[in-house]
Amino acid sequence: MGVHPKIEFHFGKKWIKRRNKKNMKSLKKIAVASAAALALLGIQSINASAAPLVVTVAGSANATTSTAPATANVPADNTVDAADAVAIAATADTGTAVTFTATGKIKLVTALSATNAVVSATAGSASYSATSTGSAITVYAFTTSTETGSVTVVNGSYSTVVYVKGIAGSVSNVGVSVPSAVAVGTIPQITVSTTDVFGNPVSDTVTATLIGGTWADGSISKSIVTNNAAAVAATPSLVLGSKIESLAVATVGTVTIAVTGAASATAVTGLNVPVKAVVASFRVTDLNGTIAQLQAQINSLSKDLADANSIIAANKIVADAAAAAKVIADAAVIQEKADYNKLAKAWNKAFPKKKVALKK
Ligand SMILES: [Ca+2]
């Protein structure tokens, strides 16, 4: 610095202040220059640090929507194989977190079923996350339902939604529902249904037989085909895998319906046993006849009540008369005593030596 140590010591405080001021000016110049440089390079450097998340669905770019989801069979054999799952692969920057979150009834597994590592229909979870090592992270989305669900893949500020839907398995169950009560003279309707092993509706043919009634066409046993997708598309009020059938006009009694089907269904270990036959019944009652019967009972009971009231009233009159008679009799006795005692007192006064006792 060329300043004599003694002088520097002497002017120490002032010199330090001056030197700091100079340094601050230099720092400011550097900061302005750096900001300008960063402004020029900034956009490129940010993009270079975070590559967009790349997600493929079954090997292709994700083009799924809620109305056009990726599909996979439901695992009706209780193993989640390639045909029962949608492979979702996500490639992201090394060292960054990738999360998969499922909605609806979609479940995620990281491996498909193998002979020595079975992945069953109950496997999986709704979310999975991993840190990227630079190569694709693959999860398999599957579902036991035919409802559409989704899997959202998130990496930093990037995210992609993959829609997934299950395709129902073959028929495994038959069902029937009947009215709770039917009036004579009306037309009863019953509903038969067919579902896969997970309860998803599927179209199939059942045989329905009546005992104590007939179908509208006069038959007792008939084949019924439950609604398929085409029928539902043509008539949206129809229900997939279900069919409503009418009986002939009902007469008083009990109607039983036996439904059989799903003949080819076989039991799968770990899943619900097929339901190949169901029985239901309902009663047909004559409501007008019942009302008339009840009215007759009401009339009879009303007469009994009136008779009973008459007897009670008559008994009360007798009781009241008896009570009145007792009051009169008691009064007579009292009067009689009073009259006697009056005479006795007069006698005792007239003949003190021949006194008689008074009545109490
Ligand atoms: Ca399978």
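Modeller: A nonpolar core is a set of buried Ala, Val, Leu, Ile, Met, Phe, Trp, Tyr and Cys residues joined through C-beta atoms within 7 Å. Keep in mind that this model is predicted.

Colleague: OK, how many residues has the largest nonpolar core?

Modeller: The largest nonpolar core has 53 residues. Among those with the most contacts inside it are Val86, Ala141, Val151 and Val164.

Colleague: Which strand gives the largest share of this core?

Modeller: Strand E8, residues 137-142, gives five residues, the largest share.

Colleague: And where does this core lie relative to domain 2 and domain 3?

Modeller: Between them, because domain 2 (54-167) and domain 3 (173-285) both give residues to it.

Colleague: Back to Ala141. What is it in contact with, leaving aside neighbours within four places in sequence?

Modeller: Ala141 is in contact with Ala85, Val86, Ile88, Ala102, Ile106, Leu108, Val151 and Val164.

Colleague: New topic. What is the order of strands in the open sheet of three?

Modeller: The order is E11-E13-E16, and the pairing is antiparallel.

Colleague: Which strands stand at the edges?

Modeller: E11 (173-177) and E16 (242-246) do. Each has a single partner strand, so one side of each has no neighbour in the sheet. The twist averages 20° from one strand to the next.

Colleague: How many bridges join E11 and E13?

Modeller: Five, in the antiparallel sense. Asn173, for instance, has Thr195 in E13 as its bridge partner.

Colleague: Last one: is Gly218 buried or exposed?

Modeller: Gly218 is exposed, because 7 other C-beta atoms lie within 10 Å and the cut-off for exposed is 12 or fewer. Gly218 sits in the loop between strands E14 (205-211) and E15 (221-225).

Key
Residues numbered from 1 in each chain as written. Predicted model: local features only at pLDDT ≥ 70, side-chain atom pairs only at ≥ 80, totals over all residues. Buried ≥ 20, exposed ≤ 12 C-beta atoms within 10 Å, placed from the backbone. Helix = DSSP H or I, 4+ residues; strand = E, 2+ residues; numbered from the N terminus. Domains from an automatic or database assignment. Contact = placed C-beta atoms within 7 Å. Pairing = 2+ DSSP bridges. Axes fitted to C-alpha atoms, helices over the stretch in contact; angles between N-to-C directions.
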